[in-house]
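Biologist: I have the sequence and the structure open side by side. Can you walk me through them?

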Amino acid sequence: MNYYEVLEVAPDAPQNEIHRAYQRAKTTYSQDNPALYSMFSRDEARELLRMVEEAYAILGNHALRKSYDDTLLKAGLHSMAMAAPFGKAAPMSIATPNSPEPDHAALPDFMVPDPSIPGSTDHQQFDSPPLSVVPAMSSPTQPAAQASNFNSDVSGASAMDAAFRREEHFESSAAEATGGPRPQGSVMVAGDDFTVRRREASAPTAVPAGHVKLPLATYKVDAEMEAKIAQQTVYDGPFLKMVREYRGIPMDKLSETSRIGKTYLLAIEGNDMRSLPAPVFLRGFLVQIAKHLGLDEKLVVGSYLSMVKDQSKK
Amino acid sequence: MPNVVWAIGGGKGGIGKSFISSSLAICLTRMGKPVTLVDLDLGSANLHTCLGIKIPNQTLSDFVSGRVTDLNQIAANTEIAGLKFISGFNDALNIADMNRNAKGRLITALRGLSTPYVILDLGAGTSETTLDFFLAADQKIVAVTPEPTSIENAYRFMKSSFYRKLRQAESELGIQSLIEAAMDSRNQHGIRSPADLLRFIAQSNPEAGMRLAQKISDFQIQVLLNQVRTRQDIDLGHSMKSVCKKYFGIEANYLGYIDHDNAVWQSLRKRRPLVVEYPYSSIVGQFMQTTKNLLNPTALRAVI
């Protein structure tokens, strides 16, 4: 049962829902609740309550929840469902977010890939080191102690790891900003956690030769265009639009994934100063756009914002 | 077009099953949907008293014994427009006396009733016949009051119907004895709840487990809390939903709650249905809302 199943919330539930679910679960499994009568013994209720507290300790915290989500995704379990029932034997097997399809309900572990077997998860698709937190896929007999280990791991090592990866990225982007060489055919991609990682174009398996896969689209590499993008210093609206079209990302898709309204996307791409969002939002939007287009976010944000500043002075 | 059948059960007696059935039925007629209300509390039928009508001349025993072949003939009109009523047994026959053949015939006939909605008022207890009527319904409503006795019996009722459903699914799939085998050795496999059982079956026989899970996926219980007095009582519905999920591994719905209200016994003593006698009371509003939730499951959400 994963933490989302413990709290009985959807994996994409907003924080307030998680909080409410936690309070509800706490009431439900506290001692002397008549709803437990004849179903769960006192010990079982105590165990359930402990799981609820443990789940909320992770899901109630933004950063910890994020790294926990990553481990779930990494384990490749996000698309599968399993009605993991309560039982002392299997308190903490990390399974899947709940799926509404009844067909998949009550499917047991046999569909879940084993992370200890190389190739069963998509870890090695990324050349960046996998999170130090290996998903605690416990067999039904594994003691719950591992789960508490897992907590401390998330809070400590993983947060540091994430910070480290970010720094690494900034160094490399700084190198590029100063005119450092850009390896042919490489591209910045937005990973599942939106931490920009470097991935060689040859690494992915399912992408045809001469193509590069972005999270939103796969496009054919055009050396002339790549050179143009590499040399570009002014990232204005029309240029962003050009890159987006070159990389084959429809505006609808970009809007849907980045959660930026289409009006704002149009305004940004059209250099429409009067329709732009407030600067504080604009900065965030530009970061999102840059990530989705596989551009360097620092360059894009810096260049675009200074352009906006110049324009507003006139 | 076959009609939609709602069944109201709950295990314990005196928790308001007949009252809830009659109120939901009248609410449906108020929304312009004709209903047949069937008293399946065989042996101690008293739904007619809730409705404030006389016992019709013909009852279910006429159908079961074969004196009447068309169930529609037994359905008596009532004073309430759109509401038909089929009375339970009023002679010596008991629900346990109904043989399998008659039960099957009755379930088929209930589906063939002329009204688009049929509401079954089930009796207390967990006899096989009661469970079969409950499982045959489209909406399986479990009534419960916030007393430990009622809660215990409601869970008992859910467990019994769940196992009966499992057995039905098993015999349909031709995979008998899996449950027996698992239950024989449940202690060494750590099987303590239906969820554990399903999991064990799926592990030992993945294909059968998958088909079984599919077969019982339509088993969804609607929990209706009756005689609610405090805020804690209301939360009980959420708790029961969660316990069902963790214990059975199935989704239960918290359908809603009905307040404890003096108007109920007052209307009962007058032998007039509450919905007719006090149409503007808050409790009737709660029944209306419950009916709407049942009619439109996609818009279903728990009341806070």
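Biologist: How many helices and strands are there in chain B?
Modeller: Chain B has 15 helices and eight strands. Keep in mind that this is a predicted model.

Biologist: What pLDDT does chain B average?
Modeller: The average pLDDT of chain B is 85, and 90% of the residues score at least 70. For the complex, the predictor gives an ipTM of 0.77 and a pTM of 0.60.

Biologist: Back to the strands. In what order do they form the sheet in chain B?
Modeller: The order is β3-β4-β2-β5-β1-β6-β7-β8 in chain B, an open sheet with mixed pairing. At the edges are β3 (76-77) and β8 (252-259) of chain B, each of which pairs on one side only.

Biologist: Which strand does β7 of chain B pair with in the parallel sense over six bridges?
Modeller: That is β8(B); β7 covers residues 221-228 of chain B. In that part of the sheet, V228(B) stands opposite D259(B) in β8(B).

Biologist: And β6 of chain B, how many of its residues are buried?
Modeller: Six of six, so to speak the strand at 139-144 of chain B is mostly covered. Q139(B), I141(B) and A143(B) point one way from β6(B), while K140(B), V142(B) and V144(B) point the other way, and all are buried.

Biologist: What does β6(B) pair with?
Modeller: β1 (residues 4-9) of chain B pairs with β6(B) in the parallel sense over four bridges, and β7(B) pairs with β6(B), also parallel, over five bridges. I8(B) stands opposite I141(B) in β6(B), and V142(B) has V223(B) in β7(B) as its bridge partner.

Biologist: How much of chain B is buried?
Modeller: Buried residues are 50% of the 304 residues in chain B. As for contacts in chain B between residues at least 6 apart in sequence, 74% join residues at least 24 apart.

Biologist: Switching to chain A. What is the phi of E8(A)?
Modeller: E8(A) has a positive phi of about 60°, and it is not a glycine. Most residues other than glycine have a negative phi.

Biologist: Where is E8(A), and is it buried or exposed?
Modeller: E8(A) lies in the loop between α1 (3-7) and α2 (15-29) of chain A. E8(A) counts as buried because it has 20 C-beta neighbours inside 10 Å.

Biologist: What about N271(A), what is its phi near?
Modeller: Phi of N271(A) is near 50°, again positive in a residue other than glycine. N271(A) sits in the loop between α9 (262-269) and α10 (279-293) of chain A. With 18 other C-beta atoms within 10 Å, N271(A) is partly exposed.

Terms used. Residues are numbered from 1 along each chain as its sequence is written. Chains are lettered from A and ligands numbered from 1 in the order in which they are written. This is a predicted model: local features need pLDDT of at least 70, side-chain atom pairs count only at pLDDT 80 or more; totals for chains, interfaces and linings use all residues. Helices (H or I, at least four residues) and strands (E, at least two) are DSSP runs, numbered from the N terminus. A residue is buried if 20 or more other C-beta atoms lie within 10 Å of its own, exposed if 12 or fewer, and partly exposed in between; C-beta atoms are placed from the backbone. Two strands pair if DSSP finds at least two bridges between them. Two residues are in contact if their C-beta atoms, placed from the backbone, lie within 7 Å. pLDDT is the predictor's confidence in each residue, from 0 to 100.
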